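Trainee: I would like to learn how to read this model one feature at a time. Please give the general idea before each case.

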Amino acid sequence: MKLLELTDVTIQFQRDEQTIIPVEGVSFDVKEGETVCLVGESGSGKSVTSLGVMRLVEFEGGTISAGDIKYQGESLLTKSKEEMREMRGKDIAMIFQEPMTALNPVVSIGDQIVEAISLHTELNKAEAKERAIKLLGSVGISEAKRRFGQYPHELSGGMRQRVVIAMALSCDPKLLIADEPTTALDVTIEAQILALLENLKKEMNMSIVFITHDMGVAAEIADRIIVMYAGKIVEDGDVYEMFDDPLHPYTLGLLGSIPDVNGDRSKPLLSIPGAIPAQSDMPRGCRFNPRCAFATQQCLEQEPPLLAVGNRKVACWNYEDVQKAKPTGEVI
Amino acid sequence: MVNLEKTALELIESPRKPPVLVRVKNAKKYFKLKKGIFSKNQQYVKAVDKVSFEIFKGETFGLVGESGSGKSTLGRVVIGLHEADEGEIYFEENEITALNKREFQKVRKEMQIIFQDPSGSLNPRMKVQELISEPFDVYTKMTKKEKEEKVATLLEKVGLGVEKKLSYPHELSGGQRQRVCIARAIALNPKFILADEAVSALDVSVQAQVINLLKDLQKELGLTYLFIAHGLNVVRYISDRVGVMYLGQLVEVAETEELFDHPLHPYSAALLSTNPVADPRKRKEKVVLKGEIPSPANPPAGCRFHTRCPIAQEICKTKVPDLVEIQEGRQVACHFPLLTNSKEETE
Ligand SMILES: Nc1ncnc2c1ncn2[C@@H]1O[C@H](COP(=O)(O)OP(=O)(O)OP(=O)(O)O)[C@@H](O)[C@H]1O
Ligand SMILES: Nc1ncnc2c1ncn2[C@@H]1O[C@H](COP(=O)(O)OP(=O)(O)O)[C@@H](O)[C@H]1O
Ligand code: SF4
Ligand code: SF4
Ligand SMILES: [Mg+2]
Ligand SMILES: [Mg+2]
């Protein structure tokens, strides 16, 4: 069943005279119990999309100017501010990249979790405290009772991120949105956190939207991958199919850019020439065309829509050429 | 073949090795910690604690380890940005640690550095051509025309169009700024470049461009790199040999393929197993380490890794394992190296 459904969502910011549109016409859904990874390079609109789902863009001066976001079949856009506040944390929880920003530096970690619990449940203080300690234990914080009274600065980065996860999970959300929760951490700690999320997800039958720019991390945890480029979704599909047979030239380039553990080190890495375009000079036609080895005349004039190919989706006029070219790997 | 008698230091003197460019002997760098109200004794962060290794001419030596393990500090000690508290650093035949300021300036010209954050190391008020010709102003007496020509050549070498010479840093993308830093670094024809997380902040597609550039330049100019990064795939791709650091010390040094195929130190094994592999069919069992890296101000006694090591024995708590060469070209600091050579051994 579809838990979350975005249809043609456009998000914009007004800066002085200028309108910035970091996310344009984005559609995707998240099923129950599914882990969806949102990938793409810096500035492609991943974070803004996720803030849109929580309607948090409104706090940053942004608006969802078109489209609809449905949670369990109900539109989130018609909800009042109070109803949204009620949902955040309870139904949909979010974790950010830098755990310090999510924690209050002058309140002990235990009290912060108790606060989150009290906000959304009827539990009394003692019950909330008991639940908080249990949660700290379940995210792998040893001696949870003693640590309950500690302040964020007394913890390491990895432990802080665990506390943030404990807080996010305090009310059994059905959907967890995690924006690069491990990017600031070492691989050893990242592995601990990914394993933790995996276990918790199974236990609680949660859905996860996981934002990352690391295809390696996506390969580890995703059921499905959504690739964003310059504010648009360019490919959406099953993780195995996408790695085996990327349809979009950008996905192909992203996969080729990763130094492969078993790859031939004497060959240069495939790379995508150029860089993501600035908002102010978005190319006409397909937004990827200045960097694309498959571009044809049509690409310079018409923007490709996101269309279904089997049970996947791709926004490219020439995806069949991409599929043909892939085995040789020498196109980019 | 296994010769536990020989210490790493003795091996440094051994004759059959390729020519050495940089040689580090017993380098130590401690930082003073602020004194707490209740503590009587001055405490130190043991950022680099008795490290010895060497970098061969023309190779890329990769350095990996968790954050805070001392990689950057060691790199800075090597090129003299930090003065070592103890130990000796040799660059070619010069002992850097014994040179006076003027003599050091000369050697320093041969050693350059590229940092992670390209905007942090570029003056925002200078144009690209000024940024790139700055080293010439400091170290040479080139004429204006000579400088202009040299800047044009350098821009071309690092894959930037000549028209970019009039841009300011904020008008460039992250990858382009890193190219400017690289142009500056190679401007004076150095022999050695320290790249400290030089590609870590770049998006993968751009990262690949810069890595390819670094490799091409190495071939063309005969450069030697000390390449520090926490991204293991990147280090594997670019390095000839790799050193693994843990809590201020080198725990393993090996040729890249050897290390990644079968790490001998339990920490290397755990670190490598946690590396995300970009292949969903290879989701693998990981050696998820217990706990976090201990404080470098107060490292565990004996083997520093014993508090997290899955195969630690009693002796590890008290006896420090030395870094010894246990196979040709392979040094490991562990009482029980994983010699039966498969990653699964540690699980
Ligand atoms: N509050 C804001 N006001 C104006 N523009 C914004 C705002 N937040 C984001 N943007 C712009 O929207 C675009 C997309 O940003 P977003 O943070 O979603 O990128 P991202 O894909 O999450 O990148 P990263 O990988 O760097 O986190 C960028 O061009 C960014 O500058
Ligand atoms: N200038 C400094 N003053 C005090 N402590 C420092 C300084 N530079 C590094 N350290 C400390 O030394 C240790 C090693 O740091 P660093 O070399 O930066 O590690 P890495 O590069 O491996 O992340 C850390 O505990 C760090 O906090
Ligand atoms: S539509 Fe054209 S330019 Fe865009 S990705 Fe496909 S081939 Fe490339
Ligand atoms: S010396 Fe002992 S504790 Fe240290 S890595 Fe080896 S086995 Fe583990
Ligand atoms: Mg983001
Ligand atoms: Mg560092």
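**Reading the two chains**

Mentor: Chain A has 13 helices and twelve strands, where helices (H or I, at least four residues) and strands (E, at least two) are DSSP runs numbered from the N terminus. The model is predicted: local features need pLDDT of at least 70, side-chain atom pairs count only at pLDDT 80 or more, and totals for chains, interfaces and linings use all residues. Residues are numbered from 1 along each chain as its sequence is written, and chains are lettered from A and ligands numbered from 1 in the order in which they are written.

Trainee: What is the radius of gyration of chain A, and what does the globule rule give for 332 residues?

Mentor: The radius of gyration is taken over C-alpha atoms, and the globule rule is 2.2 Å times the number of residues to the power 0.38. For chain A the radius is 21 Å, close to the 20 Å that the rule gives for 332 residues, so chain A is as compact as a globular protein of that length. The C-alpha trace of chain A spans about 65 × 50 × 40 Å along its principal axes.

Trainee: How does chain B read?

Mentor: Chain B comes to ten helices and twelve strands. Its radius of gyration is 21 Å, close to the 20 Å from the globule rule for 347 residues, so chain B is as compact as a globular protein of that length. Its C-alpha trace spans about 70 × 55 × 55 Å along the principal axes.

Trainee: How many residues of each chain, as a percentage, count as buried?

Mentor: A residue is buried if 20 or more other C-beta atoms lie within 10 Å of its own, exposed if 12 or fewer, and partly exposed in between, with C-beta atoms placed from the backbone. In chain A, 49% of the 332 residues count as buried; in chain B, 46% of the 347 residues do. Helix α4 of chain B (residues 128–139) is a local case: its buried residues are V128(B), Q129(B), L131(B), I132(B) and S133(B). The cover over them includes α5 (144–157) and α6 (174–186) of chain B.

Trainee: How should I read contacts along the sequence?

Mentor: Two residues are in contact if their C-beta atoms, placed from the backbone, lie within 7 Å. In chain A, 65% of the contacts with a separation of 6 or more are between residues 24 or more positions apart. For chain B, 66% of the contacts between residues at least 6 apart join residues at least 24 apart.

Trainee: Where in chain B is the pLDDT below 50?

Mentor: pLDDT is the predictor's confidence in each residue, from 0 to 100. Where it is low, the predicted coordinates should not be read in detail. Chain B has a mean pLDDT of 88, and 90% of its residues reach 70 or more. The pLDDT is below 50 over residues 1–11 of chain B, a stretch with 17 contacts in the model beyond near neighbours in sequence. It also stays under 50 over residues 341–347 of chain B, for which the model has 16 contacts beyond four places in sequence. For the complex, the predictor gives an ipTM of 0.79 and a pTM of 0.85.

Trainee: Which domains does the assignment give for chain A?

Mentor: Domain bounds come from an automatic or database domain assignment. For chain A it gives domain 1 (2–222) and domain 2 (228–328). Their centres, taken over C-alpha atoms, are 28 Å apart. The contact between them takes 20 residues from domain 1 and 15 residues from domain 2 of chain A. On the domain 1 side, β2 (18–31) and α9 of chain A each give two or more residues, and β2(A) gives the most, with nine.

Trainee: What does the contact between the chains take from each?

Mentor: It takes 36 residues from chain A and 34 residues from chain B. On the chain A side, the elements that give two or more residues are α8 (187–204), α9 (215–221), α10 (239–244) and α11 (249–257). The largest share, six residues, comes from α8(A). By class, the chain A side divides into 20 nonpolar, ten polar and six charged residues; Ala, Val, Leu, Ile, Met, Phe, Trp, Tyr, Cys and Pro count as nonpolar, Asp, Glu, Lys and Arg as charged, and the others, Gly among them, as polar.

Trainee: Which residues come closest to ligand 1?

Mentor: A residue is near a molecule if its C-beta atom, placed from the backbone, lies within 6 Å of it. Ligand 1 is surrounded by 17 residues, the closest being P22(A), S42(A), K46(A), S47(A) and V48(A). The shell divides into four nonpolar, ten polar and three charged residues. Around ligand 3 there are 13 residues, with C286(A), C292(A), F294(A), C299(A) and C316(A) nearest; that shell has ten nonpolar, three polar and no charged residues.
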